[in-house]
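Please have the model open while I speak.

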Amino acid sequence: MAKPFRNGDLRVMEQRRCTYDKCGGCMMCEKSYEQTLREKKKYIEELLSKFCKVNEISSMYYPYNYRNKVHSTFGKTQKGGITTGIYKEGTHEIVPIDKCLINDKKADEIILTIRNLANEFKMQAYDEDRHTGLLRHVMVRRGASSRQIMVVLVTPTENFPSRKNFVAKLLELHPDITTVIQSINPAATSMVLGNYEKVLYGKGYIEDTLMGYTFRISARSFYQVNKSQTEMLYKTAINGLGLTGKESVIDAYCGIGTISLAVSKNARYVIGVELNLEAVKDAKENAKRNNIKNVSFFCDDAGDYMLELASEGKRIDAVIMDPPRSGSTTQFMDSVVRMSPDKIAYISCNPETLARDLNYFTIKGYRVKECTPVDMFGFTKHVEVVCILTK
Ligand code: SAH
């Protein structure tokens, strides 16, 4: 494990000062990085040590500027201008943010440019109560290896006056942007992106490399935000399964197929299942572009899909599951138990639902053999965990 940066390091001290009012992001930034790791480990131990001894937390080498995806919301300033930032927790009030110590620096710069341009173009921030204004959100995603940059501008309707000039000006100031997308989201929801997109510049997606494979990533597809720790996470899960190359593997909640491709060389075949159609399209395209033939992807609810396989009497050797924060479902887990895989790698971004689901699996005859926390989101309260279960 790489030794983490000490906060006493001068370069780091410089960055550590967060000048913003609590935005709900890096809640732990006043603490030393080592302290945050100790607290995260303790939290995981409280929840999971009844199942298994908790391994040392896998820490980041440099816990700053790691977020490759940055999202900001537009809001009105008191002088009638437009700003970008984050909702103050529990309010509709925007805390303007110019830069954040965990965000990719380039992404922050681009968002600041967009804010300034929006003021120059006299654009209005969308007002959720009155349904007036143009700009709702901006999202910037940058490929950590490819350096390709996607900018997504979210508007309530298709109407986007001066769109051409706005994008031209933005590209002039940031020629390294590779694609610009307008996402149309009329709904009053906490979801940032809408279901309809217009490509304003470039290909409409970016590419990036992970675990030696290249991936196409669309705006609405999930993609982990921290490259080096994601690789650590995936390796921990794949190595934990100890595959020989002969196994049938299911990668459930597979997103754009990153884990499926990474595990494909250790398995006979891999099935990926994912609910988001855009992500499944990306996954299929990703298998093709990496010339991987022993992987197939299905767009379905993971629980429904597993139930179908179990009802057909299918057997499977190993399951990798990486559900959203709400965790898995009894339908999914029941079906897994019926298919009786020798091993399960459970990757979780929410230790509380993980504890609930481990409880279920252990009642049904599985044992938690390994439990490794991985710090993917330094200085925030979040922590990822990989558990290896055996029969
Ligand atoms: N394993 C991937 C994605 C993990 S995020 C990676 O590491 O990149 C969780 C994924 O679960 C998201 O892509 C989300 O779209 C998907 N998802 C959410 N609910 C689902 C469900 N009920 N069935 C299948 N997939 C689901």
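A word first on the basis. This is a predicted model, in which local features need pLDDT of at least 70 and side-chain atom pairs count only at pLDDT 80 or more, while totals for chains, interfaces and linings use all residues. Residues are numbered from 1 along each chain as its sequence is written, and side-chain values use heavy atoms, with hydrogens and water left out.

Let me begin with the rings. A pair of aromatic rings is described by the distance of the centres and the angle of the planes. Rings of Phe, Tyr and Trp (its six-membered ring) are paired here if their centres lie within 6.5 Å; planes under 30 degrees apart are called stacked, over 60 edge-to-face, and the rest tilted. On that basis the structure holds eight aromatic pairs. One of them joins Tyr64 and Phe379, a tilted pair with 5.2 Å between centres and 35 degrees between planes. Tyr64 belongs to the loop between α2 (33-48) and β1 (69-76), and Phe379 to the loop between β15 (367-374) and β16 (384-390), so this pair ties together parts 315 residues apart in sequence. Helices (H or I, at least four residues) and strands (E, at least two) are DSSP runs, numbered from the N terminus. Tyr64 and Phe379 are both buried, where buried means under 20% relative accessible area, exposed over 50%, and partly exposed in between, with a 1.4 Å probe and protein chains only. Together with Tyr33 and Tyr62, these two residues form one aromatic cluster.

A further pair is formed by Tyr253 and Phe332, again tilted, at 5.4 Å centre to centre and 45 degrees between the planes. Tyr253 lies in the loop between β10 (248-252) and α6 (258-264), and Phe332 in helix α9 (residues 330-339), so the pair ties together parts 79 residues apart in sequence. Tyr253 counts as buried because its relative accessibility is 17%. Its phi is near 60 degrees, a positive value in a residue other than glycine.

Ser340 also has a positive phi, of about 55 degrees, although it is not a glycine. Ser340 is placed in the loop between α9 and β14 (343-348), and with a relative accessible area of 17% it is buried.

Which residues have the most contacts inside the largest nonpolar core? They are Leu48, Val319, Met321, Phe332, Phe361, Cys387 and Leu389, in a core of 97 residues. By nonpolar core I mean a set of buried Ala, Val, Leu, Ile, Met, Phe, Trp, Tyr and Cys residues joined through side-chain atoms within 4.5 Å. Leaving aside neighbours within four places in sequence, Leu48 is in contact (heavy atoms within 4.5 Å) with Val54, Pro351, Leu354, Ala355, Leu358, Cys371 and Val385. Apart from this core lies another, of 25 residues, among them Ile110, Ala118, Met123 and Leu134. In soluble globular proteins, nonpolar side chains tend to be buried together.

Asn65 sits in the loop between α2 and β1 and, at 18% relative accessibility, is buried. Its side chain reaches the backbone oxygen of Asn103 at 2.8 Å.

Finally, the salt bridges. The criterion is a side-chain nitrogen of Lys or Arg within 4 Å of a carboxyl oxygen of Asp or Glu, and a search of the whole structure finds 25 of them. In one, Glu120 meets Lys169 at 3.8 Å, N to O. This pair links distant parts of the chain, Glu120 in helix α3 (residues 105-120) and Lys169 in helix α4 (residues 163-173), 49 residues apart. Glu120 is exposed, with a relative accessible area of 53%, whereas Lys169 is partly exposed at 29%.

Arg220 and Glu197 meet at 2.9 Å, N to O. Arg220 lies in the loop between β9 (213-218) and α5 (227-241), and Glu197 in strand β7 (residues 196-201), 23 residues apart. Arg220 is partly exposed at 25% relative accessible area, as is Glu197 at 22%. Through shared partners, salt bridges join Glu197, Arg220, Glu278 and Lys281 into one network.

Thank you; I welcome your questions.

Notes: Polar contact = N/O pair within 3.5 Å; in protein donor to acceptor, adjacent residues only side chain to side chain.
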